[in-house]
Amino acid sequence: MSSLKAVFFRELRQMFARPGYPFVAVLGMAFCCLFFLTVMDEGLPQRLPVGIVDHDGSSIARMLKREVDAGQSVRVVAEYASYTDARQAMQRGEIYAFLVIPENLYGDLLSYKRPTLTLYANSAYTLGGTLTYRQLTTMANLVSAAVQREVLRSRGYRDDQIMALIQPIVLDTHAIGNPWVNYSVYLSSTLLPGLLGMIVLMLSAFSMTHELKMRTSPDWLQAAGDHVPTAVLGKMLPYTILFTILGWAMNVLMYKVMHFPLAGSFLFLCLATAAYVVAMQAVAVFVVSWLPTPGLAVSLCALYSTLSLTLSGFSYPVEAMLSPFQALTWLVPLRHYYLITVDQTLLGLPVAKSCLRLAILLAAVLLPLPLSGRLKKAMSDPEFIGD
Amino acid sequence: MKDTKYPFSRRLLYRLEDIWYVYVRELQRIIHDKGVAVIFFVAGIAYPLLYPLVYNRESIDKLPIAVVDDSDTPRSREYIRSLSATREVDVRYKCMNLQEAAALYHARKCHGVVCLPADFDYQIETVGGQAVVSVYCDMSSFLYYKNLLQASNFVMLDYHRGIQLQRYELSGNDRPMAEILAQPVQYETVMLYNPGGGYPSFLLPAILVLILYQTMFFGICMLAGVARETNGELYYIDGRRYERSTFRLVFGRGFAYFTIYLGLSVYALGLVPRLFGLPHIGDFRDIMRLVVPFLLATAFFSMTVSVFIRERETAMVLLLFSSVVLLFLSGCSWPAGNLPSFWRHFAMLFPSTYGVNAYIHINTMGATLSETSREYAALWVQAGVYLLTACLGYYFSGRIYERQSRLFR
């Protein structure tokens, strides 16, 4: 116990001797929170730019234009003389979609010739493309509906009969846990923990490799009474405390200040955040034990933590990945943390259901244990280069 | 300086020789440093392969969903079959009630629930009213949400047509008239550039550019950190400790990074999309023309930042999170025009913003270089500005270093 304390305070002294690193790391996390919690302030993109190619020019075509512009998710930024002009504007990234109104739209409509509107959407930018596409198709359906309504009214139908004819089936959509379909809620609630984990991992790995690089590792081992787990534990503990507090601050910011949906237990979520921080540190210890070469270990941690954002499967579902990668996701703490977040924030499950995932996170601590002999060799002999 | 006694052409030759020396020396440093080599070559070569492998399928097909059919009539069963026949979803569970479906949903056995009301058939068939179908979407991933929404919309619209035709015919219209009434205005939709709306086809081009950008950035910062740690090598040509040589160093090193990344760009931006069947309708020569200012801007930008790097790991430990931030700033995920104006201007600082968009414009959307001239010009401007800042940074921090080392002596 006393040696653990010795290592703990030794690390604290080192942190204050190199105050740049922890300070900038905290600053970096604060920047990430500021960035992701302000960058998507609209929730879902509003007023996306679209264009119109009007070959008709009749009053009904102009009405159509105004209707498109009145929609919440799009705005008409320009009218183009031809398809080519509109296509080029799309390639320049000025619009996400455009609507081509055919020649003689009005005449064809009056003479029951069923004119055809054509919509083009840019799916190279998924969110912008999908949202504008959806809005324009809705508009096109509404045009038909409006014409139907006029015809039916002239034939003496009542309005409720008309609605039933126009829309015999109504979809009542429930976006569970995120009724506003808020993109920020969806992304930030996993991305921010992901970035927190990234910073923890890098800083933890660095604090260990720095000892190897500076040849101070024998001193570190000695302070721990020649016991590797004590040495590692004492060294990691200051970072565990720092980043757990930071993680909790992040949770408070998201779920209490910004009022992200939280159907379940906030306390359990905070517990999971702490376990997640510990798991990321365990990965750092594992990598450093395995490859006790300063430059290599840090580079490898960087590659791992970047990839783990993807493998967590929050943006691209795990079931769509190749099967070897599906198996790999078990080794990604963010994956488990993400599933706990979903349980607790969106679904509001009882905490018992999330305990298994929490246990997996905590079990990560066992990961570097088999390599402790290797780490000891590297620590006591600074000339040791992992092969 | 001491070589002013030589004629100009001779001096120029010496300068070029120096640049060549710095260039070769920098390439040697890159190859011999394990950490840097991992970043430049292992990450630079493996990551462009790894991401397309992870983002393996364009879309998730047959998302498992549960259905609660309170109506249980031939019509409702047919509706469920139509839903199950879409590419997007698969009705895997038929539940007696919503509680049962919720249990499956909570156990993550299904990613959505569709509930048909008891009066489904009655409303449509008997009274000619409206039937309300409830759709419960899993919001844990937006791809789940998108799939279920698309499938339900598609089936709903399809049913609208059928029911409308039937009702118009019943009220005394002939078939052609009924068709006209059901849809007086037709529409066609064309999804350009990524017809399947696939996730990898949209995200991977941006990721490929960012891999080049970030590996180069971290590699350069690492090299600068190593140079700082060992000696003042960052500011001098070897063996000429007391000579100012800012331009030669910046050019020599800049071109060393440029050379390596020219090769990696051909691989990551040219070969990889073809290898994995990602969109690649652009002219390859245009892509290479774009790559030149992009790499120069990135190299000089990184060299500017690297002036502040004290140790080899500094940048990677402290700035790794920037990869995600830069991806967002590029506007490939959240539309660029909808970024708050502060962040939109902040994004203009980084070559990646223009690099990503210009590459998507050319590679994915088949634009010519002139059609993406805004981004192309911006990259050249950045290359110029960052060349200047890199030189200034080298010059001033070199002076500070000199003063300090003189102090030590």
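1. Helices and strands are named here as DSSP runs, numbered from the N terminus. On that naming, Arg47(A) falls in the loop between α2 (20–39) and β1 of chain A. The model is a predicted one. Arg47(A) is not a glycine, yet its phi is positive, about 50°.

2. Lys62(B) is in the loop between α2 (34–54) and β1 (63–69) of chain B. Its phi is also positive, at about 55°, although Lys62(B) is not a glycine. Lys62(B) has 15 other C-beta atoms within 10 Å and is partly exposed.

3. The domain assignment divides chain A into domain 1 (2–40 + 182–380) and domain 2 (48–166). Between the C-alpha centres of these two domains of chain A the distance is 50 Å. For chain B the assignment gives domain 1 (2–55 + 198–408) and domain 2 (63–182). The centres of the two domains of chain B, taken over C-alpha atoms, are separated by 52 Å.

4. On the contact between the chains: 93 residues of chain A are in contact with 86 residues of chain B. On the chain B side, helix α6 (residues 142–170) gives the most, with 12 residues. Sorted by class, that side of chain B holds 51 nonpolar, 25 polar and 10 charged residues.

5. The chains also share sheets. One open sheet has five strands in the order β2(A)-β1(A)-β3(A)-β4(A)-β5(B), with mixed pairing. Its edges are β2 (74–80) of chain A and β5 of chain B, each of which pairs on one side only. From one strand to the next, the twist averages 25°.

6. Where do the chains meet within this sheet? Strand β4 (residues 116–122) of chain A is joined to strand β5 (residues 186–192) of chain B by seven bridges, and the two run parallel. Opposite Leu117(A) stands Tyr187(B), in β5(B). Further into the sheet, strand β1 (residues 48–54) and strand β3 (residues 97–101), both of chain A, pair in the parallel sense over five bridges. Within that pair, Ile52(A) has Leu99(A) of β3(A) as its bridge partner. Helix α3 (residues 59–70) of chain A lies across β1, β2 and β3 of chain A, and runs at about 140° to β2(A).

7. Another open sheet takes five strands in the order β5(A)-β4(B)-β3(B)-β1(B)-β2(B), again with mixed pairing. The edge positions belong to β5 (169–176) of chain A and to β2 of chain B, each pairing on one side only. Direction ignored, neighbouring strands are turned by 25° against each other on average. Here α3(B) packs on the sheet and touches β1, β2 and β3 of chain B, its direction making about 140° with that of β2(B). Four bridges connect β1(B) with strand β3 (residues 112–116) of chain B, and the two strands run parallel. One bridge pair there is Val68(B) with Cys115(B) of β3(B).

8. Is Glu88(B) buried or exposed? With 23 other C-beta atoms within 10 Å, Glu88(B) is buried, because the cut-off is 20 or more. Setting aside neighbours within four places in sequence, Glu88(B) is in contact with Leu63(B), Asn147(B), Gln150(B) and Ala151(B). From Glu88(B) to Ile309(B) the C-alpha distance is 49 Å, at a separation of 221 residues in sequence.

9. Helix α14 (residues 333–347) of chain A has 15 residues and should span 21 Å at 1.5 Å a residue; the end C-alpha atoms are 20 Å apart, which agrees. After α14(A) comes Gly348(A), with a positive phi near 65°.

Methods
Residues numbered from 1 in each chain as written. Chains lettered and ligands numbered in written order. Predicted model: local features only at pLDDT ≥ 70, side-chain atom pairs only at ≥ 80, totals over all residues. Contact = placed C-beta atoms within 7 Å. Nonpolar A, V, L, I, M, F, W, Y, C, P; charged D, E, K, R; others polar. Pairing = 2+ DSSP bridges. Expected span 1.5 Å × (residues − 1). Buried ≥ 20, exposed ≤ 12 C-beta atoms within 10 Å, placed from the backbone. Axes fitted to C-alpha atoms, helices over the stretch in contact; angles between N-to-C directions. Domains from an automatic or database assignment.
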